[in-house]
Amino acid sequence: MITYAKVKFWSFLVIGVVCIFIGAYLFPYGPDKRALAEFLLLIGGAQLIIFVVLLFFRYRKRNREAAQT
Amino acid sequence: MKRKCLFLLPLAGMILFFFPGCDKDEYSQNTKSESANSLVYEDNSLLEEISPYFYDNHIYRIELLGDNQERERIVSEALLNGVEKNFLMIEEAQKYFFNHTGVIMYSIPTLDPEQTLILYKSSGLYQVSMAHYRPAEAGLMFFELKTMDDRNYFSLKLDDQMRMGELRVFENEKIKSFNRAVYSLTYLEESQEVALKGAEAECCRKESSWSACMNCTLDDCGDSWVCKAVALIAPAELVAGFAASCIGSGPDSRC
């Protein structure tokens, strides 16, 4: 379970970065691909936000544990 | 035996294919020479310098129509407008090209020497009218153009040196509706062209260089709230994607 959670956690970062890169790559291709590019950027941005939020909770928990010990 | 058949069958097929092909070529060449329009007059210098005056000569090319689809088309347009086929001297139909407009004019003489059928063609639309030409007082000639509902479009007088005078233009609903139809068609084509150009311009990969493509993409990104939001979250990834996409940009690039 811990492994699965770790994979899920890092996948937010990887998928987010990949989606943003592909979205940005398609962006200069004009209005035909603009909708797809914006969709990928949106997905990528959302994944990165989730990653950052999870990262924040993870380090806050670690900081608390470090403070208690 | 089988092997012989294998050779003979394609050979027979080739003979059958080529012989009617030669006949067809000869036939099409004959019909082409019969049906082509012949040149009556041409002055290409008129194309270089277009006079701003209405009265000046604007006809730079005249063709005599051959027996072809173009002639059939104008005759059918005339017949649709109530002209009798026997009244027209179809073999003498001429086509006029003007240097100041894209409108093509066809003239078909009729059995009445004072009348000539005039067809204007623009954007695939035809306007059929009848020109009347008769002697007037003091050696002048009176010319008038009427639509097929016998309403005047314009009239003028010509002297022996072909100088015009007494030009009168009349309100004519048929001509007006023809003008409106041509205008709307032309406007539609122009607006489609503009839209196409706009669409092409929005594709930043068509820009002349990598940096121009990057500038264009960043401008486009500024217009999109999604792109702006992502630029705040992951600017490096976004710019990396733009940069990779702009590699190889140029006028021939695919959009």
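1. A residue is called buried here when its relative accessible area is under 20%, exposed when that area is over 50%, and partly exposed in between (1.4 Å probe, protein chains only). By that rule, 33% of the 255 residues of chain B are buried. Please keep in mind that this is a predicted model, in which local features need pLDDT of at least 70, side-chain atom pairs count only at pLDDT 80 or more, and totals for chains, interfaces and linings use all residues. Residues are numbered from 1 along each chain as its sequence is written, chains are lettered from A in the order in which they are written, and side-chain values use heavy atoms, with hydrogens and water left out.

2. Now for the make-up of chain B. It has seven helices and nine strands; helices (H or I, at least four residues) and strands (E, at least two) are DSSP runs, numbered from the N terminus. A contact means heavy atoms within 4.5 Å. Among contacts in chain B between residues at least 6 apart in sequence, 40% join residues at least 24 apart.

3. Five of its six residues are buried. Strands pair if DSSP finds at least two bridges between them. On one side, β4(B) runs antiparallel to β3(B) (residues 94–98), with four bridges joining them; Phe97(B) has Ile104(B) as its bridge partner, and a hairpin of five residues links the two strands. β4(B) is also antiparallel to β5(B) (residues 115–122), through six bridges.

4. Next, the interface. 18 residues of chain A are in contact with 26 residues of chain B. The area buried between the chains is about 1800 Å², and carbon and sulfur atoms give 75% of it; buried area is the accessible area (1.4 Å probe) that two parts lose on being put together, summed over both. Phe27(A), Pro28(A) and Tyr29(A) supply 32% of the area that chain A buries against chain B, more than any other three residues.

5. How many salt bridges does the rule find across the interface of chain A and chain B? There is one, between Arg34(A) and Asp220(B), whose closest N and O atoms are 3.2 Å apart. The rule asks for a side-chain nitrogen of Lys or Arg within 4 Å of a carboxyl oxygen of Asp or Glu. On the side of chain A that touches chain B, the elements giving two or more residues are α1 (2–26) and α2 (31–68) of chain A, with α2(A) giving the most, nine residues.

6. Arg205(B) deserves a look of its own. It lies in the loop between α4 (173–202) and α5 (210–223) of chain B, and it is buried, at 8% relative accessible area. Its side chain reaches the backbone oxygen of Ser245(B) at 2.5 Å. Not counting residues up to four places away in sequence, Arg205(B) touches residues including Pro28(A), Tyr29(A), Cys213(B) and Arg254(B).

7. Finally, two loop residues to check by eye. Ala138(B), between β6 (125–135) and β7 (141–147) of chain B, has a positive phi near 55° though it is not glycine, and it is exposed at 74% relative accessibility. Asp150(B), in the loop between β7 and β8 (152–158) of chain B, has a positive phi of about 65° and is not a glycine either; it is exposed, with a relative accessible area of 53%.

Definitions and conventions
A polar contact is a pair of N or O atoms within 3.5 Å; within protein, one must be able to donate a hydrogen and the other to accept it, and residues adjacent in sequence count only if both atoms are side-chain atoms.
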